[in-house]
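Hello,

Here is the structure I promised to pass on to you. Please open it beside this email and look up the residues as you read.

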Amino acid sequence: MPGGAIEPLYDALARSARRGGPKAVVARHEAGAAFMADGYARETGKIGVCIATSGPGATNLMTGVACAYETHVPLLVLTGQPVLPSFGKRALQESGCIGVNTLGMFRHCTRYNSFVSHIDQVENKLLNALMRAQQTPAGPAHLSIPVDILRGIPTQNAETSYDMDMLFRKKPSLVDEYAVQSLLAELGDARRLVFLIGNGCAEAIEALMKLVDLTQAVFVTTPDGKGLINPRHPAYRGVFGFGGHASADALLRSLPDLILAFGTGFGEFASGGWSTNLLNNKLIHIDSYEENLMRSPMARLHVRGRIRSVCERLVKLLEGDSRNAYHLLEVGRAKQERLEGMFQSPEGFHSDATPIKPQRLMKELSERFPPNTRFVADAGNSMVWSVHYLQPLNRRALRTPKQVVPNARADRRSGTANWLRVTMDFAPMGWAIGCAVGLAHGNPQDPVVCITGDGAYLMSGQEITVAAQQELPVIFVILNDSAYGMVMHGQRLAGAEQIGFELPQVDFSKMAAAMGIPSHVINGPEDFDQLDFATILRRKGPTLLDVRIDREEVPPMKVRMKTLGTVK
Ligand SMILES: Cc1ncc(C[n+]2csc(CCOP(=O)(O)OP(=O)(O)O)c2C)c(N)n1
């Protein structure tokens, strides 16, 4: 988002765009800019960059930066300051130690945070920021730069060259051999093995699935780990934690011989509110982040190291070892039946009623979009419905979807492949809207479906115009219930006062029309048959689906209520 204090940076971006280099994508709100940078980084595995002016630009940016900090997403965050000689004189949007101290504010949500007080600091601090943002644990790195410095010319001879590949190389794949051997010994006689797969497993997922097969384990995921796996895998037992399945909870409570947790920080959403049965001495925690391991001091064993390397090492050691098939005891049931058996409300999933049930909406979204679709679900009930009910077409089998879809591609298994993204820990409303734009910008080949609430859309929906300007294939699906649904149901479940949840009835379809964006109103399931998905998916630009859902359906969110102490 431009502004006076960062104007020279935009001058440079204009020159850069003309010669085919990086170009600016202007958001409607700075938080949206940070969410977009977040989505771009998640999709590409590269660093996302967001820029804001001093004062309100920087403070607006902060929610998005804080969200990336909590979820370890690498961002370069650049904000401006007025000219240096004006400091202390109440310059417009002064943001140093005398004004509203934005550097001080960013200290609490960045991995690197520095004020640039001389032009000759820029190069070194920029490289340091880029290096720090991408090292484990990754996160935002912030530089606060006065406008006269942005405009300046370095006095030092610009002869120094840098080996960027070396600077940004990931930490070498070291494996703690002692811990791996200890884990191997633990695996020895254990028959009932459960894997808990967290969001930190993206690059390891292939090796991890081999390990599931070799050890004949069954597995569950955290809510933000679900997008890494195929829900039709015979060993899948559901999501554990917020919005998750009773089957996953029951499995962990059934006292298996060992629980192997990979790449999770056991935050409230990922641990079922720190479910005590999980956090016992059955637990083995494998992670590269020390901060994640700090969440499980009660574990039987910690295995430190890059998860992919640990899994590959274990696969090598276990290959040829034959085990009894724990999960095979249960196969034989059809995959779809097994999947639906996990649902809180299979009736809702199949209901033909109007207004459409949110569960049925998840069925339609699962079946109507091609296997290369990337879903992103917003804070609120959108996340809960998606985590519980979304089960897109088998990405590997690539069956023909209900509608003929142009350009459907097989899934590319990369370190960033993820079909469902949700935000945990910080969970700001509107995150999915900006994130969807960033995901699509990082990879405009595959469709992005943004599932969001009417409340979140009223907070941040203006970013749809960025998708329009950038011609990005994002389908915005608004769960329109004229309410802050999660608040309403939370209050009901807790028996609290019913207050502050009502929203006005809004025709989002007309809002989209005013922006020149195609849109459709969905009242019942049959309305999906009227949509021309081939055209929607081929479109270079966003489409909005205003879905008037049945707001009386109770989302699977009881865990959160227990943690808040509002229900037993
Ligand atoms: C920025 C921000 N403010 C407040 C909240 C608290 N909060 C969580 S969900 C929610 C309601 C969301 O309503 P809506 O977007 O309509 O989605 P629904 O739950 O109805 O699907 C609120 C207020 C939040 N997570 N983030």
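Below are some notes on aromatic pairs and on one threonine.

This is a predicted model, in which local features need pLDDT of at least 70 and side-chain atom pairs count only at pLDDT 80 or more, while totals for chains, interfaces and linings use all residues. Residues are numbered from 1 along each chain as its sequence is written, and side-chain values use heavy atoms, with hydrogens and water left out.

Let's begin with the rings. Rings of Phe, Tyr and Trp (its six-membered ring) pair if their centres lie within 6.5 Å; planes under 30 degrees apart are stacked, over 60 edge-to-face, and the rest tilted. The count comes to ten aromatic pairs. One of them is Phe195 with Phe262, a tilted pair at 5.2 Å centre to centre and 50° between the planes. This pair joins distant parts of the chain, 67 residues apart, with Phe195 in strand β5 and Phe262 in strand β8 (strands are DSSP runs of E, at least two residues; helices are runs of H or I, at least four; both are numbered from the N terminus). Phe195 and Phe262 are both buried (under 20% relative accessible area; exposed is over 50%, partly exposed in between; 1.4 Å probe, protein chains only).

Phe369 and Phe533 are edge-to-face because their planes lie at 80°, with centres 5.2 Å apart. Phe369 and Phe533 are buried too. Ring pairs also link Phe343, Phe349, Trp385 and Tyr389 into a cluster.

Now find Thr543, in strand β16. Thr543 has 2% relative accessibility, so it counts as buried. Beyond its neighbours within four places in sequence, its contacts (heavy atoms within 4.5 Å) include Val474, Phe476 and Ile536.

Best wishes
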